[in-house]
Amino acid sequence: QVQLAESGGGLVQTGDSLTLSCKASRRTISNYAMGWFRQAPGKAREFVAGIRWDGLNTYYTDSVKGRFTISRDNDKNMVYLQMSSVKVEDTAVYYCATQTKYLRYTGTPRAPADFDYWGQGTQVTVSS
């Protein structure tokens, strides 16, 4: 079982930068794909960014391309989401997740159902 804990959320202004962190414990995530999702009030949870187990492939939803960067440090069991040029519409609870169904998976999972362990989320609020 994997335990995930996000941190780094907060209140920022439009155009600011923010870095979210996700710490995994109880089990290494170095062999598994990781993803960041977000959920705004009244909306479904949506995919934001994903990263391959070895960090050699990253992919994003269109609305954050060029502004957000996902990265990982397998030695530290950490995943990060660097957010820049944030917009009001980026306001949401952000979750990190891992899929442990497939070892060293080279696909690009995007659906919440593709991931089996989730953190508790961290709130990001962007004011205008």
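Predicted model: local features only at pLDDT ≥ 70, side-chain atom pairs only at ≥ 80, totals over all residues.
Visitor: Which secondary structure does the protein chain contain?

Guide: The protein chain has zero helices and 11 strands. Read along the sequence, the pattern is β-β-β-β-β-β-β-β-β-β-β.

Visitor: What does the radius of gyration say about the protein chain?

Guide: The radius of gyration is compared with the value for a compact globule, which for 128 residues would be near 14 Å; the protein chain has 14 Å, so the two agree. Along the principal axes, the C-alpha atoms fill a box of roughly 40 × 30 × 25 Å. Of the 128 residues, 45% count as buried. The accessible surface is about 6,300 Å², and carbon and sulfur atoms hold 46% of that surface.

Visitor: In what order do the strands of the open sheet lie, and is the pairing parallel or antiparallel?

Guide: In general, strands of a sheet pair through backbone hydrogen bonds, in parallel or antiparallel fashion. Here four strands form an open sheet in the order β1-β3-β8-β7, with antiparallel pairing. The edge strands, β1 (3-7) and β7 (68-73), each pair on one side only. From one strand to the next the twist averages 15 degrees.

Visitor: How many bridges join β7 to β8?

Guide: Six bridges join β7 to β8 (residues 78-83), and the two strands run antiparallel.

Visitor: Which residues touch the most other members of the largest nonpolar core?

Guide: As a general idea, nonpolar side chains in soluble globular proteins tend to be buried together. The largest nonpolar core here has 27 residues, and W36, L81, M83 and Y94 touch the most other members. Two or more residues each come from β3 (18-25), β4 (34-39), β5 (46-51), β7, β8, β9 (92-98) and β11 (122-127). The largest share, four residues, is from β3. Another core lies apart from this one; it has five residues, among them F37, F47, Y59 and A97.

Visitor: What does M83 touch, leaving out residues up to four places away in sequence?

Guide: With those left out, M83 touches D16, S17, L18, L20, R67, F68, Y94 and V124. One of these, Y94, is listed with M83 among the core residues that touch the most other members.

Technical notes
Residues numbered from 1 in each chain as written. Heavy atoms only, no water. Pairing = 2+ DSSP bridges. Axes fitted to C-alpha atoms, helices over the stretch in contact; angles between N-to-C directions. Core = buried A, V, L, I, M, F, W, Y, C linked by side-chain atoms within 4.5 Å. Buried < 20%, exposed > 50% of the residue type's maximum accessible area, 1.4 Å probe, protein only. Contact = heavy atoms within 4.5 Å. Rg over C-alpha atoms; globule rule 2.2 N^0.38 Å. Areas by Shrake-Rupley, 256 points an atom, 1.4 Å probe, with all protein chains shown as cover.
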